[in-house]
Amino acid sequence: MINLVLFGPPGAGKGTQAKKLVDNYHLVHLSTGDIFRYNIKHQTELGAIAKSYMDDGNLVPDDVTIKMLETEVNKHPDAKGFIFDGFPRTENQAKALDHFLESKDMDITLMLSLQVPDDELTERLQKRAETDGRADDADSEIIANRIAVYKRETEPVAEYYRAQDKFEAIRGTGPIDEVGNRLRAAIDKYL
Ligand code: AMP
């Protein structure tokens, strides 16, 4: 079993790369952002809670996010492994994930951290606003807040995995396929 955390700031290419890795390694892809957006679209109670935070570019509270993630993992008892995209985003979430996986005799294999300079992130998010129609990509203040929240609350999570020797930094710039090759090379070292 292989369980990957795909990590990086908003616009680093986590979603794009996760979709490719799923095909390569036959993993279940869990994107907390996608799951929240699905809930917002279908007007669920969870969606209403998440929307109030996402609209401003803030994190959805840990208790809500962790419970949702655990429910999603439990929907796939036969999975060969998971790729967590956009989770964990706080140290609390990382600890809760370890604890939860341990209870299922599973663990995180590796965190892959996509490195992209800030100016390129903003450019990518503004471009994505035109194609994907995400409200949180369309406003430069919300983008700036998401990047600030990432630096303040999420970036420290890298240290949590580094301390466990489960951290690989990957250059996230250049052609999509080349970033994919770098990710696969890093993963294959752990298989
Ligand atoms: P993403 O699609 O990963 O960019 O996430 C979009 C938004 O969903 C974020 O800006 C947060 O508001 C929320 N979100 C996604 N994942 C998490 C998480 N692990 N913890 C808290 N909020 C999250």
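I take axes as lines fitted to C-alpha atoms, for helices over the stretch in contact, with angles running from 0 to 180 degrees between N-to-C directions. Helices (H or I, at least four residues) and strands (E, at least two) are DSSP runs, numbered from the N terminus.

Ground rules first. I am working with a predicted model, in which local features need pLDDT of at least 70, side-chain atom pairs count only at pLDDT 80 or more, and totals for chains, interfaces and linings use all residues. Residues are numbered from 1 along each chain as its sequence is written, and side-chain values use heavy atoms, with hydrogens and water left out.

**Entry 1: H4 against H5**

I began with this pair of helices. The axes of H4 and H5 come within 10 Å and cross at roughly 30 degrees. That makes H4 roughly parallel to H5 (angles under 35 degrees count as roughly parallel, over 145 as roughly antiparallel, 65 to 115 as roughly perpendicular and the rest as oblique). The crossing of H4 and H5 is right-handed, meaning that the near helix is turned clockwise from the far one by less than a right angle.

Next I listed who touches whom, with contact meaning heavy atoms within 4.5 Å. H4 brings Asp62, Thr65, Ile66, Leu69, Glu70, Val73 and Asn74, while H5 brings Asn92, Gln93, Ala96, Leu97 and Phe100. By type, I find six nonpolar, four polar and two charged residues in the contact of H4 with H5 (Ala, Val, Leu, Ile, Met, Phe, Trp, Tyr, Cys and Pro count as nonpolar, Asp, Glu, Lys and Arg as charged, and the others, Gly among them, as polar).

Leu97 sits in H5, residues 91–103. Setting aside residues up to four places away in sequence, Leu97 touches Leu69, Phe84, Phe87, Pro88, Ile108 and Tyr161.

Then the nonpolar core, a set of buried Ala, Val, Leu, Ile, Met, Phe, Trp, Tyr and Cys residues joined through side-chain atoms within 4.5 Å. The largest one holds 25 residues, and Phe82, Phe84, Leu97, Met111 and Tyr161 have the most contacts inside it. At least two residues each come from strands E1 (2–7), E2 (28–31) and E3 (81–85) and from helices H4 (62–74), H5 and H8 (157–162). H5 gives the most to this core, with five residues. Apart from this core I noted another, of 23 residues, among them Val22, Leu112, Ile170 and Ala186.

**Entry 2: Val157**

Val157 is part of helix H8 and counts as buried, at 0% relative accessibility. Beyond four places in sequence, the contacts of Val157 are Phe7, Pro88, Arg89, Thr90, Glu91, Ala94 and Met111.

H6 (residues 118–132) and H7 (residues 140–154) pack at about 135 degrees, with axes 11 Å apart. That makes H6 oblique to H7, and this crossing is right-handed too. The contact of H6 with H7 divides into four nonpolar, three polar and four charged residues.

Last, I checked Asp137 in the loop between H6 and H7. Asp137 is buried, with a relative accessible area of 1%. Leaving out neighbours within four places in sequence, I find Asp137 in contact with Leu125, Gln126, Arg128, Ala129, Ile143 and Arg146.

Note on methods: Buried < 20%, exposed > 50% of the residue type's maximum accessible area, 1.4 Å probe, protein only.
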